[in-house]
Amino acid sequence: SSGPAGAPARTLLPRRSLNRSPGAMVKATPAMKRPAAARKSKAVARTKAAAPKAKKVPVPAGVGKIRIGIIHGKVFDPIKVGTHDKKYPEKFKIKNNTGPNADGWGGQYHADVSTGLKINRLHPDVFDIDFMKMEDVSRARLEKNHLTFNFWGDMSIALMNGKPDLARKIMDVQKRGEACGHYPGWNYYEWILHKPRYMKQCMQAGIPMIPTIFVDNGFDAKKVLKQIVAKGWDKFLVKPGYMSFFGVGVINGKTQDFVDNIEPLLQYEKENKKMKEFLVQPYVLKPNGKVFDEIRNFFVDGEWAYSVYTDGTDYEGFWEQPQGALKEACKKMAIRAYEQVKKVAKWEGKPVDTLLNRIDIGVVPDKSKKEGWRIFVNEIEPQMTTWLGRYCPFVIQDRMGQACVNQARKLLRLSVAKGRKMPTKREHVAQLLDVLDQRLGPAKA
């Protein structure tokens with residue numbers, strides 16, 4: 001798009017930056033009719049994640065409990081209506097969730113807190129839960145826990161919220177990773193935040209992505225524009241390659257407009273002189289001129305779990321992707337991308353499955369393709385993202401609660417073996433893990 005008199009626009013893009021939230025929760029004219037296979041009533045879908053039947057194995061006296069931290073804060077990731085824990089703490093309910101001045105969206109009960117409550121429900125004699133918001137995060141707080149799952153409160157979110165001092169404090173915790181029991185680990189987290197890292201790795205593996213000019217050592221407006229012209233791109237966008245959110249730091253427009261007047265691009269260079277990494281890409285639109293749609297594929301505890309259609313421009317265009325060729329093609333591509341995730345996801349130096357990843361597959365209608373569309377990997381997200389549990393075929397907090405229990409078993413076994421300092425005796429932690437093994441069988445690898 002372009003501004004007045006053809007001047008290139010520096011605008012916020014609709015949900016196509018590193019969009020961990022659904023974007024502005026406003027009414028919009030539906031851009032695409034919901035497929036019949038995806039039409040469901042608003043009544044709760046009560047399909048439960050099949051929990052393994054736990055044997056009745058008592059906890060030995062005197063070993064205490066495993067304390068799990070949950071860093072929460074998403075107020076826009078609601079669970080299915082009617083599935084909330086009956087003892088959901090009053091202080092965590094998001095009551096102001098409608099209208100222009102709402103604090104949240106989608107109801108009172110959200111996925112982060114609900115998952116923590118589910119962990120405790122599954123094994124109340126084994127786990128205690130320490131709920132905290134990112135403002136509460138500190139080394140001292142996390143060192144009181146055996147393990148802490150960060151669902152929404154990493155340093156990049158603190159920076160996005162304009163809190164650099166808090167971001168530095170959280171980064172100190174995140175960098176210590178296993179020593180503080182903070183999950184996810186630092187190297188894997190950084191791999192995702194440095195988008196060029198995973199993009200290049202995926203491209204080397206032959207996974208389709210948007211054509212990209214990678215700028216690795218600062219933005220040079222004249223040099224970049226010359227490269228864009230050589231590519232023959234009619235429109236393009238530039239965004240930071242590290243920790244970019246919701247269109248912040250993005251400039252986009254028609255190539256010819258910048259050729260005629262490079263000043264806005266030179267100004268962008270000055271404004272972002274402290275940044276090193278940038279991504280320059282053609283502006284990808286559907287044939288109707290609107291931003292491309294995505295099918296977001298979710299992996300839970302190392303396995304593909306569900307996929308959700310999200311419209312490129314309609315902020316209410318969400319539903320479970322119906323069965324069919326497009327769903328399967330996107331699933332296969334997402335699995336290929338997840339194989340790259342597995343190469344970097346480690347704990348105590350050992351490969352581990354991730355707790356949750358969201359891999360967004362861009363979809364553009366294309367009559368030149370026999371399938372009628374072309375697809376590509378657009379984003380890889382960590383667990384600090386929207387889970388879109390309202391649109392999956394099971395109760396999200398049930399599945400995630402089970403996944404957290406399984407992850408805790410694996411991660412703590414590794415940390416116990418490593419000799420990590422813990423808030424209780426390591427042998428007591430090992431005994432509690434033995435109880436879980438006896439109840440549930442071996443932890444899923």
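Trainee: Leaving aside its neighbours within four places in sequence, which residues is Leu-326 in contact with?
Mentor: Contact means heavy atoms within 4.5 Å. By that test Leu-326 touches Ile-295, Gln-321, Val-363, Trp-373 and Ile-375. Bear in mind that this is a predicted model, where local features need pLDDT of at least 70, side-chain atom pairs need 80 or more, and totals for chains, interfaces and linings use all residues. Numbering runs from 1 along each chain as its sequence is written, and side-chain values use heavy atoms, leaving out hydrogens and water.

Trainee: How many residues apart in sequence are Leu-326 and Val-363?
Mentor: They are 37 residues apart, yet 9.1 Å from C-alpha to C-alpha. Across the protein, take contacts between residues at least 6 apart in sequence: 75% of them join residues at least 24 apart.

Trainee: Which helix holds Leu-326?
Mentor: Helices are DSSP runs of H or I with at least four residues, strands are E runs of at least two, and both are numbered from the N terminus. Leu-326 sits in α10, residues 325–342. The whole protein has twelve helices and 15 strands.

Trainee: Now burial. What share of the 445 residues count as buried?
Mentor: Buried means under 20% relative accessible area, with a 1.4 Å probe and protein chains only. Here 53% of the 445 residues qualify. Among the cysteines, Cys-330 has a relative accessible area of 0%, and Cys-392 comes out at 1%.

Trainee: How many disulfides does a search of the whole structure find?
Mentor: You'd want a pair of cysteine sulfur atoms within 2.5 Å. The search turns up zero.

Trainee: Which residues are buried in α6?
Mentor: Residues three or four places apart point the same way, because an α-helix has 3.6 residues a turn. In α6 the buried ones are Lys-195, Pro-196, Tyr-198, Met-199, Gln-201 and Cys-202. Their cover includes α5 (186–193), β5 (213–215), β6 (235–240), β8 (278–282), α10 and β15. Just after α6, Gly-206 has a positive phi of about 80°.

Trainee: Which strands pair with β10?
Mentor: β9 (residues 293–300) pairs with β10 in the antiparallel sense over seven bridges, with Glu-294 opposite Thr-310. Their hairpin has two residues between the strands, and Asp-301 takes a positive phi near 55° in it. β11 (residues 318–320) is also antiparallel to β10, over three bridges, and Val-308 faces Glu-320 there. Six of the eight residues of β10 (residues 303–310) are buried, so that strand is largely enclosed by the rest of the structure.

Note on methods: Buried means under 20% relative accessible area, exposed over 50%, partly exposed in between (1.4 Å probe, protein chains only). Two strands pair if DSSP finds at least two bridges between them.
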